[in-house]
Amino acid sequence: MIKNYLKIAWRNILNNKVYSLLNILGLAAGMAVALVIGLWVHYQYSYDKTLPNYGQLYQVRRNFNSNGETLTFSSTSLKLADALRNNIPEIENVAESDWMGSHGLKVDNRKFYLAGAQIGSDFLKMFQYPFIAGNAATALQDPYSIVLTESTAKALFGNENPLDKTVRVDDLHDLKVTGILKDLPANSSFQFKFVLPFSYLEQTQSYVKQARTSGFGSNNFQIFVKLRPGISYAQVEPKIRDIEKSEPESTNARNSKVILQPLSDWHLYSEYKNGVASSGFIDYVHTFSIIGLLVLIIACINFINLSTARSEKRAREVGVRKAIGSLRSDLIFQFLIESAMITAISFLCCLVMVILVLPSFNSLTGTPIAIPYGSFLFWMMMIGCVSLTALLAGGKPAFYLSSFNPVKVLKGSMSAGKSKSFSRQILVVVQFSCSIALIISTVIIYKQIKFAKDRPTGYNIDRLMATDMNDDLDRNYVALKNELVQSGLVQSVTTASSPVTDVGSHGDIDHWPGKLPGETVEMGYIGISDDYFKTLGIKLVAGRDFITGSKADSNNVILNEAAVKRLRLKDPINQLMMNGNQRLRIVGVVKDALMISPFAPADPTMFYPDKGGNMIYRLSANIPPHEAVEKVTAIFNKYDQGFPYGYRFVDADYNSKFQIEVLIGKLSGIFAGLAIFISCLGLFGLAAYVAEQRTKEIGIRKVLGATIAQVWLLLSKDFIVLVVISCLIASPLSYYFLQSWLLKYDYRISIGPGVFVVSALLAITITLITISFQAIKAALMNPVKSLKSE
């Protein structure tokens, strides 16, 4: 019997090639979108899950009470690390860390700048990345040791065994290779090419030695902990929450509560509100999960509409089958078999589509996702999804077709009726409501990105470059700066403790004029050298800049406008503030500059005289950038012969802040286009069906004098009405959800009526283009042919 059902299903597919093709193509496209999004979502949830003891690993964070507002920081103190290690028995391991950016590694003539970290000796016991050589217990015991990843070892030593060989770091110290790790997977929260013991940092950097003996307020490091087996965070939380309050003299410690964030939340829940990890990348994961489901539903609606619309073609078959004794359950089973066959063929086409688009998708999203052909669970899930899709898509047509009365069918009095036509119209409205909502969302996302990109940054990023300082560059800085400027290649040079597009350090101001009882202000700290504001193009609005080479400015600071506003200083020049035991005098005020988020207000920031580790310089306008970089490279290599010249353009760093929003905008646009395409496939099929059903009516109208335009309007107006209704439904729904999305940005657009009008016109235009082919084809048909059977 099943073999007979399969034969009939195959014959029906071949006998209705156009409609079968529309069904298969639409369903395949919908399934491909759902599968690609499903693989992407699975990848986002897979971060770090290959690590043993995944559920027991946490990062230590601080909730800081800033005048009633809870701010969450990942920066912590070494005193806190020692307190957790010594006083909380439920914690098995504690590892301090400093993620130090790129540093120079050299073996003979092989020289590279690579990203690394300095970590506590327990780190590799906690985060058990696989070792190729060495082991976690001993790899970081010696302060002058280094652990390399496999690719780094290959780059430095070729095919030699690197274990126990030496690597020169920053042209300062020779470190012994004590371990080789497998390269970290792309879905790892940590990404590094080498690690050094934290004890190396303590032995070579005086500020770290000092931080070990400083209080809880010296928050410059990151701490990770591993709880003992069977211990939950709920058991530990009461013991660690107020651990810093043992130092009541520190404003920072007194207002801080210690919390732990589980490893499972690091990637998806990175944004804290009122001390709770409530959002982050998870918002986009949820959004695209819904989009994938909607696109699949749109494809299923196509199948339902086209199958029920063609019901009269199958009516006599159903009548004959029922007349010779077929049960309704047999007919339902037969139609579900047909649905399953079309769905299975669609799934095969879907796999081909996914294989073809995955390379481009991975390039766009920066992910390495692939179809897991060897996963039994994947194929079981695919079988389940295909079966569910077949049931969703084929259920309604199966029950509808099997319900026909054989007497009415065989007498020729069977009619689809207005109710069935109405149900199809509802489904079309649902389809286009979803598609139009996606169009509106795409437009709003792109407008928000453009709005933020066009926002004044407060500094000039054109031709601005940055290079990480090392000891050679630091030692030769004055000579290097002079030669760069004298060469005419560079307009101005400076250094800072933070990159141009970030603020690397924050601290508390404890006392200032007009301070309220118990009030404290946290602001960014940036150490700068001569010509900083000149090089960046930040304008001074009051007071003066630091005096070049003057020791008299050692206790003077310059604030930005946001800091002045936050401190409520009406006349800030020469006002005094206290930072711990240090008394600071305000000598200048500069315009706000967007150094963290282009979507948020500028952070209150204090600038103080210091020589930082970031060298910043602006290329001259009269030399092409590529030519200038070539010549600047030669000058840098003259003063830093140990390592290759490394640089980055600040505009690229700034534009990277839009990376997530740009990605979401591109994906929304792609999926909106696919949703429209799938909807139009169904609309094309329905237009063809309507034209076929009204062939004789059109013939009569043409005989009575109807023009081609009148016939076109006759066939088009019903579909246009449905699309207009879809626009009216999609617009308020889109407004509600997009307004909620925009609220996460302090600097955002307002949604006006224009976007809804443009989206509606676009949807109507696409609809007219889709149905006009069938409408004009019907209008041009010779009425003699359409009426000859009468």
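Aspartate 468 is partly exposed, with a relative accessible area of 28%; this class lies between buried, under 20%, and exposed, over 50%, as judged with a 1.4 Å probe and protein chains only. The model is predicted, so local features need pLDDT of at least 70 and side-chain atom pairs pLDDT 80 or more, whereas totals for chains, interfaces and linings use all residues. Residues are numbered from 1 along each chain as its sequence is written, and side-chain values use heavy atoms, without hydrogens and water.

Aspartate 468 forms a salt bridge with arginine 648, with the closest N and O atoms 3.3 Å apart; the term denotes a side-chain nitrogen of Lys or Arg within 4 Å of a carboxyl oxygen of Asp or Glu. Because arginine 648 lies in strand β24 (residues 648-649) and aspartate 468 in strand β14 (residues 464-468), the pair ties together parts that are 180 residues apart in sequence. Strands are DSSP runs of E with at least two residues, helices runs of H or I with at least four, numbered from the N terminus. Arginine 648 is partly exposed, at 22% relative accessibility.

A further salt bridge, at 3.9 Å from N to O, joins glutamate 92 and lysine 226. Glutamate 92 belongs to strand β3 (residues 91-107) and lysine 226 to strand β10 (residues 222-227), so this pair connects parts that are 134 residues apart in sequence. Lysine 226 is buried at 7% relative accessibility, while glutamate 92 is partly exposed at 31%.

Within helix α3 (residues 78-87), aspartate 82 and arginine 85 are 3 residues apart, about one turn of the helix. Their salt bridge has its closest N and O atoms 3.0 Å apart.
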